[in-house]
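Visitor: I'd like a walk through this protein, with the cut-offs spelled out as we go. Can you show it to me?

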Amino acid sequence: TRSTRPQRLLRAVQKKAIKGDPQSVISTIDYFCRHSEWAMNVGDEKGAILDSVVCEVSPSTALELGTYCGYSTVRIARLLPPGTKLITLEFNPDYAAVARQIIEYSGLQDKICLVEGASGDLIPKMQELFGIKTFDFVFLDHWKDRYLPDIKLLEECQLLRKGSILLADNVICPGTPDYLEYVRNSPRYESKYFKSHLEYTKVEDGLEKSVFLG
Ligand SMILES: O=C(NC/C=C/[C@H]1O[C@@H](n2ccc(=O)cc2)[C@H](O)[C@@H]1O)c1cc([N+](=O)[O-])cc(O)c1O
Ligand SMILES: [Mg+2]
């Protein structure tokens, strides 16, 4: 049967990127998605905003919701200080299998822990699985109707501390209206919108950066 889009994206990385070079893996995926097949990676334009927030936060503990093929996983992990780990949650085993290979190709496997399962099930297990007390940084890029329930779950599980940074993709397109309303109106968050474009297109999209105030 025909290969899947993630498999074709992986093949492009294995064919064109330099093994052990995260930047070349990132550039190869962006080129593939711009010139061969669009895919729902955060992309180069929003990716630059993601990079600047990760560098500003320089997190000791980081969580990504929605690995997909591992593009933003590699983007984030390549900027993490030594000794820090990015935990990334992926629901779909086929996507997880591709992401593991892309992460390994980039050489960043020691900085990344990919866990397969649903965020709603795994978030309450972060303390027991990883000894995590709180997350300094959370990147939300999974199912758009899970953003709001999952940050409420992070609050309930006391996985956020005063100053924790949440960065959410796609708040305009496809859109996460309930999440936006919550973080922009809750007294527990200070929120800011970074206007950009939907990956590889001219359509408006953006990232919402929210600081948990405790
Ligand atoms: O739908 C989008 N993203 C949904 C992503 C979902 C990913 O999160 C995982 N997950 C991991 C853990 C879970 O608990 C649930 C799902 C899923 O298995 C999938 O790998 C999207 C769509 C567009 N678009 O233009 O249409 C653009 C984007 O940038 C997007 O991110
Ligand atoms: Mg996205």
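Guide: Helices (H or I, at least four residues) and strands (E, at least two) are DSSP runs, numbered from the N terminus. You're looking at a predicted model, where local features need pLDDT of at least 70, side-chain atom pairs count only at pLDDT 80 or more, and totals for chains, interfaces and linings use all residues. Residues are numbered from 1 along each chain as its sequence is written, chains are lettered from A and ligands numbered from 1 in the order in which they are written, and side-chain values use heavy atoms, with hydrogens and water left out.

Visitor: Over how many bridges do β5 and β7 pair?
Guide: Strand β5 covers residues 160–168, and its pairing with β7 is antiparallel. One of the facing positions puts I165 opposite V211 in β7. The bridges between β5 and β7 number 4.

Visitor: And which residue is the bridge partner of Y193 in β7?
Guide: Strand β6 (residues 189–197) runs antiparallel to β7, with 9 bridges joining them. The two strands form a hairpin with 6 residues between them. Across from Y193, the partner in β7 is E208.

Visitor: Which residue does E37 form a salt bridge with?
Guide: A salt bridge here is a side-chain nitrogen of Lys or Arg within 4 Å of a carboxyl oxygen of Asp or Glu, and the structure holds 15 of them. For E37, the closest N and O atoms of the pair are 2.5 Å apart. E37 sits in the loop between α2 (22–35) and α3 (43–57) while its partner is in helix α1 (residues 5–16), so the pair ties together parts 29 residues apart in sequence. That partner is R8.

Visitor: Is D150 buried or exposed?
Guide: The side chain of D150 meets that of R146 in a salt bridge, at 2.6 Å from N to O. R146 is partly exposed, at 26% relative accessible area. D150 has a relative accessible area of 0%, so it counts as buried.

Visitor: How many residues apart are R188 and E155?
Guide: Their side chains meet in a salt bridge, 3.1 Å from N to O. R188 lies in the loop between α10 (177–185) and β6, and E155 is in helix α8 (residues 147–156), which makes this a link between distant parts of the chain. The separation is 33 residues.

Visitor: How far is the polar side-chain atom of E199 from an oxygen atom of ligand 1?
Guide: A polar contact is a pair of N or O atoms within 3.5 Å; within protein, one must be able to donate a hydrogen and the other to accept it, and residues adjacent in sequence count only if both atoms are side-chain atoms. Ligand 1 also has an oxygen atom 2.9 Å from an N or O atom in the side chain of K144, and one 3.2 Å from such an atom in D169. E199 is also in a network of salt bridges with K46, D169 and D205. Its distance to the ligand oxygen is 2.5 Å.

Visitor: How many disulfides are there?
Guide: A disulfide is a pair of cysteine sulfur atoms within 2.5 Å. The sulfur of C157 is 18 Å from the closest cysteine sulfur, in C113, so a bond is ruled out by distance. C173 is in no disulfide either, as the nearest cysteine sulfur, that of C33, is 15 Å away. The count is 0.

Visitor: What is the peptide bond from C173 to P174, cis or trans?
Guide: Most residues other than glycine have a negative phi, and most peptide bonds are trans. P174 is found in helix α9 (residues 171–175). With omega near 5 degrees, the bond from C173 to P174 is cis.

Visitor: What is phi of N170?
Guide: N170 lies in the loop between β5 and α9 and is buried, at 4% relative accessible area. Its phi is positive, in a residue other than glycine, and is near 65 degrees.

Conventions:
Pairing = 2+ DSSP bridges. Buried < 20%, exposed > 50% of the residue type's maximum accessible area, 1.4 Å probe, protein only.
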